[in-house]
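Subject: Structure handover

Hello,

Here is the structure I promised to pass on. Please open it first, then read my notes below.

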Amino acid sequence: GVGSASVSAMMQELSQTYGVTMFVAVLKAANFRSVGLLRHLGFSPGNAADAKKYEAEQDELVMVKSASARMSRPPDFANPA
């Protein structure tokens, strides 16, 4: 709920205001909640080149998402539907 809405809003801001074209997360593979959040937001596992580029350690995952991939609009908490 709140976590995915917050991250989604930040990603939209970074994309629209600052021209960010790629989002990358490096996280511990055992962090199942974060993996679930990133999957929910449309991230997918990176490849071996991504792991090397972002210096992921052996127990870490790299997940990526293009800013051009569809991003859901974060909920408007001030005006709930």
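How many helices and strands are there in the protein chain? There are three helices and three strands. Helices (H or I, at least four residues) and strands (E, at least two) are DSSP runs, numbered from the N terminus.

Two notes on the source. This is a predicted model, with residues numbered from 1 along each chain as its sequence is written. Local features need pLDDT of at least 70, side-chain atom pairs count only at pLDDT 80 or more, totals for chains, interfaces and linings use all residues, and side-chain values use heavy atoms, with hydrogens and water left out.

**Overall layout**

From the N terminus on, the elements run α-β-α-β-α-β. The protein chain has 81 residues, and 25% of them count as buried. Buried means under 20% relative accessible area, exposed means over 50%, and partly exposed is in between (1.4 Å probe, protein chains only).

**The sheet**

The three strands form an open sheet in the order β1-β3-β2, and the pairing is antiparallel. β1 and β2 (44-45) stand at the edges with a single partner strand each, so one side of each has no neighbour in the sheet. Two strands pair if DSSP finds at least two bridges between them. β1 and β3 pair over seven bridges. Two bridges join β2 to β3 (residues 60-66). Here S44 partners V64, and P45 partners M63.

**A salt-bridge network**

A search of the whole structure finds two salt bridges. The cut-off is a side-chain nitrogen of Lys or Arg within 4 Å of a carboxyl oxygen of Asp or Glu. D59 and K28 meet in a salt bridge at 3.2 Å, N to O. That pair links distant parts of the chain: D59 is in the loop between α3 and β3, K28 is in strand β1, and they are 31 residues apart. E60 also forms a salt bridge with K28, with the closest N and O atoms 3.7 Å apart. E60 is in strand β3, 32 residues from K28. Shared partners join K28, D59 and E60 into one network. Are these residues buried or partly exposed? D59 is partly exposed at 40% relative accessible area, K28 at 38% and E60 at 21%.

**A buried lysine**

K65 is found in strand β3. K65 is buried yet has no salt bridge. A polar atom of the K65 side chain does lie 2.6 Å from the backbone oxygen of L41.

**Surface and loop**

M22, V24, V26 and Y54 form a nonpolar patch on the surface, with about 290 Å² of accessible area together. Patches take residues with over 30% relative accessible area and no salt bridge; like charges are joined within 9 Å, nonpolar side chains (Val, Leu, Ile, Met, Phe, Trp, Tyr) within 5 Å. Areas come from the Shrake-Rupley method with a 1.4 Å probe; for residues, only the protein chains shown count as cover. V26 is in strand β1 (residues 22-28), and Y54 is in the loop between α3 (48-53) and β3. V26 and Y54 are 28 residues apart along the chain, with C-alpha atoms 7.5 Å apart.

E55 is in the loop between α3 and β3 too. E55 has a positive phi of about 55° although it is not a glycine. Most residues other than glycine have a negative phi. E55 counts as exposed, at 67% relative accessibility.

Best wishes

Conventions:
Lys and Arg count as positive and Asp and Glu as negative; His and the chain ends are not counted. A polar contact is a pair of N or O atoms within 3.5 Å; within protein, one must be able to donate a hydrogen and the other to accept it, and residues adjacent in sequence count only if both atoms are side-chain atoms.
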